[in-house]
Amino acid sequence: MKKIEAIIKPFKVDEMKEELSKIGINGMTLSEVKGFGRQKGHKEVYRGAEYQVDFIPKVKLEIIIDDEMSGKAVETIKTVANTGKIGDGKIFVLPVETAVRIRTGESGGSAI
């Protein structure tokens, strides 16, 4: 099993959910997060005063899937999240040792 974590722009969430559903991914976790990368934030003007916004609002998408689906999921996330502009995000793929469904006690692939 693999855990895919993707940091994406918030306005891409609905499209991402739809496209991942099309390839058979039915469960995911979303968290509202803030962060910065190479862009180091940006400047905004509010009521004539300029100020620095260091942490940009993003969404963290987490998916646990079988190994054979991970490549397809990464490609889908990469395609949907890409705007061609700085701050599109990152994708991380990590190994998952086991998963357990709390309600039924199922473990392994059947728990996801």
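Predicted model: local features only at pLDDT ≥ 70, side-chain atom pairs only at ≥ 80, totals over all residues.
Biologist: Why is F36 called partly exposed?

Modeller: Its relative accessible area is 45%. That value lies between 20% and 50%, so F36 is partly exposed. F55, at 47%, also counts as partly exposed.

Biologist: What makes F36 and F55 an aromatic pair?

Modeller: Rings of Phe, Tyr and Trp (its six-membered ring) pair if their centres lie within 6.5 Å. Planes under 30 degrees apart count as stacked, over 60 as edge-to-face, and the rest as tilted. F36 and F55 are 5.4 Å apart, centre to centre, with 65 degrees between the planes. So they pair, and the pair is edge-to-face. The structure holds one aromatic pair.

Biologist: Where do F36 and F55 sit?

Modeller: F36 is in the loop between β2 (29-35) and β3 (42-46), and F55 is in the loop between β4 (49-53) and β5. Strands (E, at least two residues) and helices (H or I, at least four) are DSSP runs, numbered from the N terminus.

Biologist: How do you know that K3 and E62 form a salt bridge?

Modeller: A salt bridge needs a side-chain nitrogen of Lys or Arg within 4 Å of a carboxyl oxygen of Asp or Glu. The closest N and O atoms of K3 and E62 are 2.9 Å apart. The pair therefore passes. K3 lies in strand β1 and E62 in strand β5, so the bridge ties together parts 59 residues apart in sequence. K3 is partly exposed at 23%, whereas E62 is buried at 19%.

Biologist: How many salt bridges does the rule give?

Modeller: The count is nine. Among them is E19 with K22, at 3.1 Å, N to O. Both lie in helix α1, three residues apart, about one turn of the helix. K22 is exposed, because 58% is over 50%. E106 and R101 form another, at 3.0 Å. Salt bridges that share partners also join K3, E5, K60 and E62 into one network.

Biologist: Why is D88 called buried?

Modeller: Its relative accessible area is 14%, which is under 20%, so D88 is buried. D88 sits in the loop between α2 (67-81) and β6 (90-95).

Biologist: What makes the meeting of D88 and T83 a polar contact?

Modeller: A polar contact is a pair of N or O atoms within 3.5 Å; within protein, one must be able to donate a hydrogen and the other to accept it, and residues adjacent in sequence count only if both atoms are side-chain atoms. The side chains of D88 and T83 make such a contact at 2.4 Å. The backbone nitrogen of G84 also lies 3.0 Å from a polar atom of the D88 side chain.

Biologist: How do you know that I65 is buried?

Modeller: Its value is 6%, under the 20% limit, so I65 is buried. I65 is found in strand β5. I25 is 40 residues away from I65 in sequence but 7.9 Å away in space, C-alpha to C-alpha.

How values were computed:
Residues numbered from 1 in each chain as written. Heavy atoms only, no water. Buried < 20%, exposed > 50% of the residue type's maximum accessible area, 1.4 Å probe, protein only.
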